[in-house]
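I opened this entry to keep track of what I looked up. I wanted the whole chain before the details.

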Amino acid sequence: KTYYYNEYLGILLESYSSICVAGTHGKSTTTGILGQVLSLQDECAYLIGDGHGYMPEHANHFVLESCEFQRHFLAYHPDYAIITNIELDHIDYYKDMDDYVSAFQSFANQVKKSIVIFGDDEHLKNLHYNVPVTTYGLKDGNDYQAIHIEQGPFGMHFDCKHNGEILAHVELNEVGDAFMQDALGCFALAHMLGMPADIIVQGLQDYKGIARRFVIDEVKDSVLVDDYAHHPTAIRLMIDAVRKKYRYVIQMDADGQHDVCNIPILYKALKTPDADGNFPDIVLGSRFMDGSTEFPVSTVKKIAIVWFRTLLKLGTGRDITDPTTGLQGLSWRTFLFYSRYNHFDDKYPDANMLMQMLLLGFHIREIPAVMHLRTTGVSMHSGLKPFLYMFRMTFSISSAWLREKLLKMDTKEVGNLKKF
């Protein structure tokens, strides 16, 4: 007898504790992760839609990527299922969204024991289920919820909350909201099947990826990301993940004095370690390091520079040529810290920010900045403004110097960020 691919898989599933992974996005990744996680508890087979997989002779579980194309997944009657999301796809076959959702409803009706769904998806929440349902997601109300989420070049960190308590802390090398959701769904199903949380986390960390799913090749300063994303949403999520992993923040002074040619110089400085091997957290594009600034500098401005430079030297032992330059380039760690806490006065960030960052142990590098004459606007260092500026900044710097309790708390947080 001759079978179609999905028909034979439907028959093969009956010989195992079967788990089908369905959904518009994330099926392949979720299948790969789940195969890795469950293998730490029992022999586990898995099969991804592109034909890659693993089938040990004495497998107990069989995890199968289950595609909705032409309703192929209706050949399966699994014991368990994960449904990652529902968003209209395969419009060469499905007439409209109602038709597409109806296919997932039919699939859900065929699951025998239990279903795990992404609870943030409105379409999935509106389906009817004949078996117990477990939800996972980022929003309140899910059975398994990812909280305290952080992402960057280090990967991702989050806590898994279950029944009102933190069940596990998860640290992974991967980035992107899509991967986090897939990992959380696997955590939910594995835990529902009785696996201990620490073993699940180990399985998530052991996952090495699959073909054409955020595969990264780095050659010198060039980065190539190979990903199968073809649906508009998947493409957007992939690009967002890349931005999380390779994130630097370059900003220029709003008054327009800095030249755009500083950007590659600042970027290079962020990626270059010093003699001790430390990468800078902050790069200052200082206006007076090489003495070539083109615009006139008022006497009060010169006084302000010397005064703030002296205060920083006394408070931290560091000599900053231009403590009024503000932020120019930030590493991901600085950006995380700066955006998380409200310890800095946005109106007067310069020397105040430098004082706090230096006291907290951040690595700061100064490089010469290319300047040009400002053609518009009024300088804050003209007229009577600089005197008010100097008074407020001096008070702010002194406060930062004396806030030992706050700084001790912040130092602990910086330590947590550094281990990323």
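**Whole chain.** I noted at the start that this is a predicted model. I looked up the secondary structure and found 13 helices and 16 strands. I then checked burial: 50% of the 420 residues are buried. I looked at contacts with a separation of 6 or more, and 63% of them join residues 24 or more positions apart.

**Helix H6.** Next I asked which residues of H6 (residues 197-206) are buried. I found Ala-197, Ile-200, Val-201, Gly-203 and Leu-204. Why do they lie on the same side of H6? They cover an arc of only 160° around the axis, so they share one side of the helix. I recalled the general rule: an α-helix has 3.6 residues a turn, so residues three or four places apart point the same way. I then looked up what the buried residues of H6 pack against. I listed helix H2 (27-38), strand E10 (165-172) and helix H5 (177-192).

I placed Tyr-8 in helix H1, which spans residues 5-13. Is Tyr-8 buried or partly exposed? Its relative accessible area is 43%, so I logged Tyr-8 as partly exposed. Patch residues need over 30% relative accessible area, and Tyr-8 has 43%.

How values were computed:
Residues are numbered from 1 along each chain as its sequence is written. This is a predicted model: local features need pLDDT of at least 70, side-chain atom pairs count only at pLDDT 80 or more; totals for chains, interfaces and linings use all residues. Side-chain values use heavy atoms; hydrogens and water are left out. Helices (H or I, at least four residues) and strands (E, at least two) are DSSP runs, numbered from the N terminus. Buried means under 20% relative accessible area, exposed over 50%, partly exposed in between (1.4 Å probe, protein chains only). The arc is that of the directions from the helix axis to the C-beta atoms. Contact means heavy atoms within 4.5 Å.
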